Amino acid sequence: MKKFNIEIAVGLFLVLSFLCFAYISVKLGNLNLFGNPTYQVVARFESISGLKVGANIEIAGVKVGRVAAIHLDQNDYEAVVNLEINNKTRIQEDSIASIRSAGIIGDKYVSISPGGSDDYLKAGDEITETESAINIEELISKYIFEKD
Amino acid sequence: MDSEIVIELINVEKSFGSQKVLDRVNLQVRRGTTLVIVGASGQGKSVILKHMLGLVRPDAGQVKVFDKDIANCSKSELKEVRKSFGVLFQNVALFDSMTVYDNIALPLRERTHLSEAEIRANVEEKLAMMDLDKAGNKFPAQISGGMQKRVGLARALVLDPSIVFFDEPTTGLDVNKSNEIYRLFYKTQAQLGYTAVIVSHDVPKIFKLSDHVALLANKQIQGCLTPEEFQLSDNPHIRSFVETTMGPIYSSEREESSFYEKV
Amino acid sequence: MVILKSVMLKLLEKLGYESLYLLEVTGRMGIFLFSCLGRVLAPPYKLNPIIRQIHFIGSRSVFVILFTGTFTGMVLALQGYYTLRKFGSEGLLGSAVALSLLRELGPVLTALMVIGRAGSAITAEVGIMRNSEQIDALECMAIDPYKYLIAPKFVAGLIAMPLLTFIFDVVGIFGGWAVGVGLLDINQGTFFQSMYKAVAWQDINMGIIKALIFGLLMIWICSVKGYFLHLDRSGGFGAEGVSRTTTSAVVLSSVSILVWDYLISAIML
């Protein structure tokens with residue numbers, strides 16, 4: 001009887017903690033456990049200043065995926081960004097990927113503006129049309145210097 | 001005197017810090033016999049026992065158990081040798097967080113592959129042998145000192161060891177209880193035929209149980225003799241030990257001779 | 001001059017003696033750790049003692065962890081709110097609470113609580129067994145005390161510590177939610193969205209790694225202190241020896257957990 005109680009207590013402890021772990025990993029760690037399959041496309045940017053892995057990808061302000069990986073192409077010094085897009089969302093070949101900020105000091109995200117093509121990107125394809133991040137300091141200085 | 005030697009100490013030396021406790025100690029224990037080590041308190045009787053158990057390693061010399069020098073062997077070899085040991089510690093050293101039953105069952109559970117039913121049969125047999133039938137579910141702290149000693153003895157004997165060590169088996173017990181321990185010792189040795197090494201200062205009662213008596217005095221073993229020889233020895237250390245421990249009772253020539261006749 | 005020389009010599013001698021003693025203790029602890037980890041991997045594997053230890057270290061700590069976790073999350077939200085408000089970014093409260101819990105406070109506070117509850121008990125238990133010759137008795141019965149006594153504690157510690165940390169993190173987050181959303185009137189969506197967006201796998205990983213290392217440290221220090229009680233220089237005898245050793249085990253393991261917390265953070269960030 002005594003051993004039985006120990007086992008129940010241990011069982012409860014294990015179940016409780018695994019539930020907590022599941023919450024942390026699925027909700028907070030964005031672990032893709034249940035369906036929601038995705039495909040990856042690539043985009044090259046001159047500059048991505050401030051974009052982070054895990055940042056949102058939006059079309060018309062609606063989240064359609066997240067940034068899976070970022071690395072530097074050593075040959076032409078461009079940033080190569082892997083975009084993880086939900087399977088349900090199709091992206092036209094001539095879409096434009098641009099890096100935007102949410103507010104002036106907010107997080108960076110990738111915005112995709114739709115094109116007009118009838119062909120859609122498949123996994124591993126590249127979005128050729130890209131717009132780099134807007135450098136706010138550059139914009140401000142340009143504005144100031146053009147005044148006078 | 002004819003059976004083979006199972007434990008042999010050869011020139012064992014041991015110091016704790018700057019204090020020398022054992023100085024070239026030589027001792028032999030023969031199969032199936034009972035050796036009693038006597039000596040005044042604080043002379044290092046328990047230290048000799050700890051050497052035999054491999055708990056303490058000597059600074060110099062050899063401790064041979066079944067012809068293996070356990071003073072200079074690997075841990076796994078020592079473990080192998082200890083499988084034939086049973087020990088009753090001075091303070092019994094029962095596992096106080098376990099019941100009496102679990103204490104006795106522990107060596108069986110950890111060292112054998114017996115089923116729980118076989119273990120139960122074995123433990124209950126040992127409990128009955130020690131008159132502990134009703135104490136199985138109690139914890140060591142809930143039973144008397146004499147019962148604790150009996151549990152310790154049951155635990156020491158549960159794996160049918162070939163050598164059993166007793167460190168002061170009757171310390172802290174009244175005459176009745178210590179007689180009971182001796183009776184159980186006598187009974188179990190007759191039944192199981194183990195070799196026994198007893199450290200005690202319960203003189204002269206302990207002489208009745210022993211085949212050989214060794215006195216530890218002045219850091220050395222002063223002769224390893226039969227009880228009769230021991231009491232008649234003219235070694236000055238033994239002489240003075242016999243006189244101080246038994247002197248007042250057997251003071252006159254007449255009484256002394258009558259005692260020897262009885263033994 | 002002569003006096004000065006003798007004083008210097010005494011000092012040097014003392015220094016040498018101290019460093020030798022320290023080396024010896026370190027070596028002993030290292031050998032202990034490796035022997036125990038070796039025994040963990042060596043057969044036979046017995047589940048029952050491990051379950052008993054998980055019960056002792058894990059299950060029985062759950063209540064304390066629930067309690068401390070909730071209040072830690074609540075106070076984080078309260079403090080964070082008034083700091084973030086100065087920058088007009090109360091919306092980030094969720095991420096602030098979640099990140100501090102996952103990366104720092106969850107593992108550290110869980111470890112400190114478990115040291116107080118279970119670590120001290122381990123030292124006392126092993127120390128008393130050493131003092132009353134129970135460990136010698138095990139050895140003489142040819143039962144390996146490392147395997148029988150200590151190895152299950154290591155396994156249980158390594159399992160229970162991360163799991164308790166998860167519990168701490170989650171109740172902490174909901175404690176923060178209760179204060180942030182319930183009391184300070186932050187929008188519930190904002191709270192959780194900022195949290196979901198800010199937390200990445202590497203934050204969770206850091207928490208898990210910390211919890212594993214803390215679990216190992218706690219079991220190691222607390223059991224080695226009890227196991228070698230009799231070799232303690234200040235005398236590990238009797239009830240006072242056990243109590244002193246327990247105190248020093250708790251202090252040493254708490255301090256080393258904070259030191260290692262810094263080291264792991266510095267390496268992983």
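This is a predicted model: local features need pLDDT of at least 70, side-chain atom pairs count only at pLDDT 80 or more; totals for chains, interfaces and linings use all residues.

Biologist: Okay, which chains have the most contacts between them?

Modeller: Chains A and C do, out of the two pairs of chains that touch. On that interface, 20 residues of chain C are in contact with 17 residues of chain A.

Biologist: Which helices of chain C supply the side that touches chain A?

Modeller: α2 (47–57), α6 (145–183), α7 (188–198) and α8 (201–227) of chain C each give at least two residues to it. The largest share is from α6(C), with six residues.

Biologist: And what classes of residue are on that side of chain C?

Modeller: On the side of chain C that touches chain A there are 15 nonpolar residues, three polar and two charged.

Biologist: Now chain B. How many residues of chain C are in contact with it?

Modeller: Eleven residues of chain C, and they meet 14 residues of chain B. Helix α5 (residues 134–140) of chain C provides the largest share of that side, five residues. By class, the side of chain C that touches chain B has six nonpolar, two polar and three charged residues.

Biologist: What about chain A and chain B, how far apart are their closest C-alpha atoms?

Modeller: Those lie 13 Å apart, and no contact joins chain A and chain B.

Biologist: How is chain A split into domains?

Modeller: The domain assignment gives domain 1 (1–34) and domain 2 (38–135) of chain A. The C-alpha centres of these two domains of chain A are 37 Å apart.

Biologist: Switching to the sheet in chain B: what's the strand order?

Modeller: It's an open sheet of four strands, β2-β1-β4-β5 (chain B), with antiparallel pairing. β2 (19–30) and β5 (68–69) of chain B are at the edges with a single partner strand each, so one side of each has no neighbour in the sheet.

Biologist: How many bridges are there between β1 and β2 of chain B?

Modeller: Eight, between strand β1 (residues 5–16) of chain B and β2(B), in the antiparallel sense. B:V12 stands opposite B:V25 in β2(B).

Biologist: Last one, C:S120. Where does it lie?

Modeller: C:S120 is in helix α4 (residues 93–131) of chain C.

Biologist: Why is C:S120 called partly exposed?

Modeller: Because C:S120 has 18 other C-beta atoms within 10 Å, and buried would take 20 or more, exposed 12 or fewer.

Biologist: What is C:S120 in contact with, beyond its sequence neighbours?

Modeller: Leaving aside neighbours within four places in sequence, C:S120 is in contact with C:T246 and C:V250. The C-alpha atoms of C:S120 and C:S243 are separated by 9.4 Å, though these residues are 123 residues apart along the chain.

How values were computed:
Residues are numbered from 1 along each chain as its sequence is written. Chains are lettered from A and ligands numbered from 1 in the order in which they are written. Two residues are in contact if their C-beta atoms, placed from the backbone, lie within 7 Å. Ala, Val, Leu, Ile, Met, Phe, Trp, Tyr, Cys and Pro count as nonpolar, Asp, Glu, Lys and Arg as charged, and the others, Gly among them, as polar. Domain bounds come from an automatic or database domain assignment. Two strands pair if DSSP finds at least two bridges between them.
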